[in-house]
Amino acid sequence: MANSLVGKNLEEMREIVAQLGGSNFRATQIYNGIYLKSCKSFDEMTDLPKAFREQLNEQYVLSDVILKDKQVSSDGTMKFLFELSDGNLTEAVLMRFDNRANLTACISSQVGCPMGCAFCATAKLGFKRSLKTDEILKQIYLIQADTGLKVTNIVFMGQGEPLLNLDNVLPAIDRLREDFKIGSRRITVSTCGIIPGIRKLAEIKFQPTVAISLHSPNHEVRKSVMPVETKYPIKDVIDELRKLTVVTGRRVTIEYILIKGLNDSPKEAKELCELISKLKCNVNLILYNENEYCSYKKPDRNAVLKFKCIVEASGKKVTVRLERGADIDAACGQLSSKYSENSKK
Ligand code: SF4
């Protein structure tokens, strides 16, 4: 496979183009063709001379990650399945919320996930490997090239635990800011609670939003669905997050998937209020996205409203995430599962 150019910064692009006998100006044209115009091919970069495009076609490809499948929901949510150069698959979701111009891409940081959360379709895939920096970026490029739309917000909430792949995720975030022009405040990294990773973020005064997949304030309940709780209990994680907010000045987002009969009771809502009372945070309640790979159910509307009221009464800002892509395989891991012979049990 020829070398691929998506993921290269301007300086790297200049070096490559110089080797082909081209000027810095030509490098900027290719750079803009990728990051500003999301051209699908060198031939779409019509500001480049034809002979130079041919030279590029002979020696390079734009992306060695390819779009393998795409599903579009009736609400506009799109799910993308990507094939990596080694044949592994990973996925991303593009969401547009009513009345907002923002386009949020939920991207992956790994192929599969090693964390084994019981309610997660990705966990059923097992863990294959971490994504490299350019593979993370190629997800955004391919989404923009396919749709012709500009992604404005990024959430690392697809396959994988981003804090286990900080060596590639942190450089990818730098490139998202510099090359894709997506500001720190529009980037969210979600973790299930990897304490060494949170400490690393504090060390570098990380400015994007950090979200914690909390899902139960109760040690026993959380442990029963999230094995990470055994190693990093949520109380300790919250302590680390508190330290993080002190050095970054940023608010943490609490992600709480409400699952019927598991964690949606008023008792758990009160326990949650207590746990996060001293943490500078907002709370995002998410209705469980039912899927054929896990037997958990979506909560009743009344339970959601009650839970929300209790947490709001404690003084926290609470949002309930709108359900997106219910008619497609929008839950993380579902689309890859369809392509994986071994994922169904
Ligand atoms: S919920 Fe997140 S951390 Fe847990 S298994 Fe799924 S992808 Fe991994």
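This is a predicted model: local features need pLDDT of at least 70, side-chain atom pairs count only at pLDDT 80 or more; totals for chains, interfaces and linings use all residues.

Student: Where does Asn-9 lie along the chain, and which residues does Asn-9 touch beyond its neighbours in sequence?

Tutor: Asn-9 sits in the loop between strand E1 (3-4) and helix H1 (10-19). Setting aside residues up to four places away in sequence, Asn-9 touches Arg-175, Glu-178 and Asp-179. By contrast, 37 Å separates the C-alpha atoms of Asn-9 and Tyr-232, which are 223 residues apart along the chain.

Student: How should I read a positive phi, and which residues show one here?

Tutor: Most residues other than glycine have a negative phi. Ser-38, although not a glycine, has a positive phi of about 50 degrees, and Lys-205 has a phi near 50 degrees, again a positive value in a residue other than glycine.

Student: Are Ser-38 and Lys-205 buried or exposed, and where are they placed?

Tutor: Ser-38 lies in the loop between helix H2 (24-35) and helix H3 (50-59), and it counts as buried because it has 23 C-beta neighbours inside 10 Å. Lys-205 is in the loop between H6 and strand E11 (209-213), and it is exposed because 11 other C-beta atoms lie within 10 Å.

Student: Let us turn to the sheet. What is the order of its strands, and which strands are at the edges?

Tutor: Strands of a sheet pair through backbone hydrogen bonds, either parallel or antiparallel. Here an open sheet of 10 strands runs in the order E3-E4-E5-E6-E9-E10-E11-E12-E13-E14, and its pairing is mixed. Strand E3 (66-72) and strand E14 (317-321) are the edge strands, each pairing on one side only. From one strand to the next, the twist averages 20 degrees.

Student: How many residues of strand E10 are buried?

Tutor: Strand E10 (residues 187-191) is mostly covered, with four of its five residues buried.

Student: How do I describe the packing of two helices, taking H6 and H9 as the case?

Tutor: The angle and the distance between the axes are the place to start. Helix H6 (residues 195-203) packs against helix H9 (residues 234-248) at an angle of about 10 degrees, and their axes are 9 Å apart. Since angles under 35 degrees count as roughly parallel, H6 is roughly parallel to H9. On the H6 side, the residues that meet H9 are Ile-195, Ile-198, Arg-199, Leu-201 and Ala-202, and their counterparts in H9 are Asp-236, Val-237, Glu-240, Leu-241, Lys-243, Leu-244 and Val-247. By class, this contact has eight nonpolar, no polar and four charged residues.

Student: Which residues touch Val-237 beyond its sequence neighbours, and is Val-237 buried or exposed?

Tutor: Val-237, found in helix H9, has 21 C-beta neighbours inside 10 Å and so counts as buried. Apart from neighbours within four places in sequence, Val-237 is in contact with Gly-193, Ile-195, Ile-212 and Tyr-232. Of these, Ile-212 is 25 residues from Val-237 in sequence, yet the two are 8.9 Å apart in space, C-alpha to C-alpha.

Student: Finally, how many residues surround the ligand, and how do they divide by class?

Tutor: The ligand is surrounded by 13 residues, and the closest are Cys-113, Met-115, Cys-117, Cys-120 and Ala-123. The shell divides into seven nonpolar, five polar and one charged.

Conventions
Residues are numbered from 1 along each chain as its sequence is written. A residue is near a molecule or strand if its C-beta atom, placed from the backbone, lies within 6 Å of it. Ala, Val, Leu, Ile, Met, Phe, Trp, Tyr, Cys and Pro count as nonpolar, Asp, Glu, Lys and Arg as charged, and the others, Gly among them, as polar. Two residues are in contact if their C-beta atoms, placed from the backbone, lie within 7 Å. Two strands pair if DSSP finds at least two bridges between them. Axes are lines fitted to C-alpha atoms, for helices over the stretch in contact, and angles run from 0 to 180 degrees between N-to-C directions. Angles under 35 degrees count as roughly parallel, over 145 as roughly antiparallel, 65 to 115 as roughly perpendicular and the rest as oblique. A residue is buried if 20 or more other C-beta atoms lie within 10 Å of its own, exposed if 12 or fewer, and partly exposed in between; C-beta atoms are placed from the backbone.
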